Amino acid sequence: MNKHLTVASLLAGAALLASVGVSAAAGKYTIGISNTVQGNGWREEMICAMKAQALASGEVAKLNIAHRNTDAAGQLEDIRNLISAKVDAIVVNPADPAGIKAGLEEATKAGIVVVAVDQAVTEPSAYIISNNQEQYAYLGAKWLFQQMGGKGEVFYMRGAAGASADSDRDKGFKKALAEFPDVKVAQEVFTGWQQDQAKQQILSFLATGTPINGIWTSGIDNVIVDALVEQQAPMVPVVGADNAGFVGQLNTVKGLVGAAVTNPGSIGGAGVTLALQILDGKKPAQQTVLVNPELWENATDAGKAKLKSAADPSLSPEWPVSISIPDWTTYTKDQIVACKGPGE
């Protein structure tokens, strides 16, 4: 069984690794990347973080990137193509853990380091560095239900069906729901983590006239607030992620009470760092590393201050404002925004 580490518990180890220094020659490695969602701001930031960290490390000669909208079968094909290209490591955001398990096993047998980011995989040879998705949902849902006074109807807007991050978030949401028996789910939808789809879903729901007391979103958030404003609907409490657009709305939209739960897309850069550490012979003691989230809310003065300091209107509205992860990413803001990898 994998053991979980928090970032805080890794500080001592990270400091030790820093003291050892980089053992590989600059530009030595080729890193393969596999991602199955395009056009989603979070995933685009993840890809940019991977490029920026590869460049900043000085250890990566080339990135081989498979970045397209596809399913588990398509991702399995992409992974096998990366194996054929003889990359040194594959950093993957899995569409479905079971659907790509065979490809990850084949990669390991070929001597390729495999690191899954953002979501867990079932292949035991793979390393995982992920935001704690169950805790992400639990923190936001518990806060939301408290804001609802412990009762009422919630519109539950999930991510992509079959994705392990969505399954983990569902566990966290339902854990919080069990603590508030008078809170009921008015409707449950899968947004696919797509902005247009999520906005159409909330507009369709609002058109029914069904009353709700809160909205929980799986990180597709600013378009939900836009819909409430456009339709002049009741401004019920909304929970989303630390996306720049939503953080800005929490600071400025009149009547909006909400919370942003951190879910940095920069976990992609952390995955590149972990892959390079393993390639350099610095394998972590445990197979799984979890980055624990924070909740930033605008219902208290302290929360408002945090949101104000976190806001970054210079970023794309769909990008998380958490553009780096301490001890795991070393690129600058300019580098991640430029979104250029080695040789680009």
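Colleague: How many cavities of 30 Å³ or more does the structure hold?

Modeller: This is a predicted model, in which local features need pLDDT of at least 70 and side-chain atom pairs count only at pLDDT 80 or more, while totals for chains, interfaces and linings use all residues. Residues are numbered from 1 along each chain as its sequence is written, and side-chain values use heavy atoms, with hydrogens and water left out. On a 1 Å grid over the protein atoms alone, a cavity is a set of points where a 1.4 Å probe fits but cannot get out; lining residues have an atom within 4 Å of a point. The structure holds one cavity of 30 Å³ or more, and about 200 Å³ of space lies in the largest cavity.

Colleague: Which residues are the closest to the centre of the largest cavity?

Modeller: They are N40, W42, W193, S218 and N263, out of 18 lining residues.

Colleague: Where does the largest cavity lie?

Modeller: Domain bounds come from an automatic or database domain assignment. Domain 1 (29-130 + 265-291 + 324-338) and domain 2 (133-261) both give residues to the lining, so the largest cavity lies between them.

Colleague: Which cysteines form a disulfide?

Modeller: A disulfide is a pair of cysteine sulfur atoms within 2.5 Å. Here C48 and C339 form one, with their sulfur atoms 2.0 Å apart.

Colleague: Is C48 buried or exposed?

Modeller: Buried means under 20% relative accessible area, exposed over 50%, and partly exposed in between (1.4 Å probe, protein chains only). C48 has 5% and is therefore buried; C339, with 18%, is buried too.

Conventions:
On a 1 Å grid over the protein atoms alone, a cavity is a set of points where a 1.4 Å probe fits but cannot get out, and a pocket is an open set with protein on both sides within 12 Å along at least five of seven lines; lining residues have an atom within 4 Å of a point. Grid points are joined across faces, edges and corners, and a volume is the space filled by probe spheres set on the points.
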